[in-house]
Amino acid sequence: MMRIYKIFYSLLFLVTFNNFSQEVNKGKLIYNNSLSNAASVKDWVLEGPAKIEFVNDWLHLYSPNEEGHHVFWCPKDFPGNFIAEWEAQNQEIDAGLCIVFFCAKGLKGESIFDASMPKRTTGVFTDYTKGAMNDYHISYYANGRDNPNRETANLRKNKGFNLVQTGEIGIPVQSTAIHKMKLVKNEGHIILYIDDRKVINWTDDGVKYGKILEDGKIGFRQMQWTHFAYRNFKVWEIQQNK
């Protein structure tokens, strides 16, 4: 009997491993934004003291005089399973920190822009990690003046600021190259690629830190010392196997 149980659990492990190791494919393109001019982001929501400029079809985001942290939200609600891609380029290598928020919704399932939500106007981090919303976030460029040269990408699950994975090196702190970002959220499986290099690979079991987060908003956050440029933000549904 013990032998049968061992065989059963071995097979169960292999099936689970194979399911999560399979590369997912892009389905329907559900959002496509060049981020190349003011009209392209007229519906986006900026929280915190930041300035947006457009140079050579790139969106530049920074805080004048390094006044404060900030988040720039795409207004669309994205499904719980998606593939998102964008390009990012550092403009100031002395210091900075970049984060992508995703699956962001209010604690009761409401939109983060619902009138019942507390106001978020200053970019204070705890509003997004310990406040009135749930989300995942990945810091993929980490060179803050408060923690210089960290480099490793971190994945956290909120509410609660729970560090669920310390990944590989994200965007190197001294890099001014154009980097291609790819974020995959497939049920509980979360992967972040930078230039086809896998830096985050984690599966949410839906138990230890609460249920798996589903649909919600995607936003880009920067700490006050950061000046990055972004372009070509696209999101696809995940192709469902028949």
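Residues are numbered from 1 along each chain as its sequence is written, and side-chain values use heavy atoms, with hydrogens and water left out. As the model is predicted, local features need pLDDT of at least 70 and side-chain atom pairs count only at pLDDT 80 or more, while totals for chains, interfaces and linings use all residues.

Helices (H or I, at least four residues) and strands (E, at least two) are DSSP runs numbered from the N terminus, and two strands pair if DSSP finds at least two bridges between them. An open sheet is built from seven strands in the order β2-β5-β14-β7-β8-β9-β10, with antiparallel pairing. Its edge strands, β2 (45–47) and β10 (162–169), each pair on one side only. Within the sheet, β8 (residues 133–143) and β9 (residues 152–158) are joined by five bridges, and His137 stands opposite Arg156 in β9.

A hairpin with two residues between its strands is formed by β12 and β13. Six bridges join these antiparallel strands, and Ile190 stands opposite Trp202 in β13. In the turn, Asp195 has a positive phi of about 55°.

Ser111 lies in the loop between β7 (96–106) and α2 (126–129). Ser111 counts as partly exposed because its relative accessibility is 27%, between the limits for buried (under 20% relative accessible area) and exposed (over 50%), for a 1.4 Å probe and protein chains only. Although Ser111 and Asp77 are 34 residues apart in sequence, their C-alpha atoms are 8.4 Å apart in space. The side chain of Ser111 reaches the backbone nitrogen of Phe113 at 3.1 Å.

Note on methods
Polar contact = N/O pair within 3.5 Å; in protein donor to acceptor, adjacent residues only side chain to side chain.
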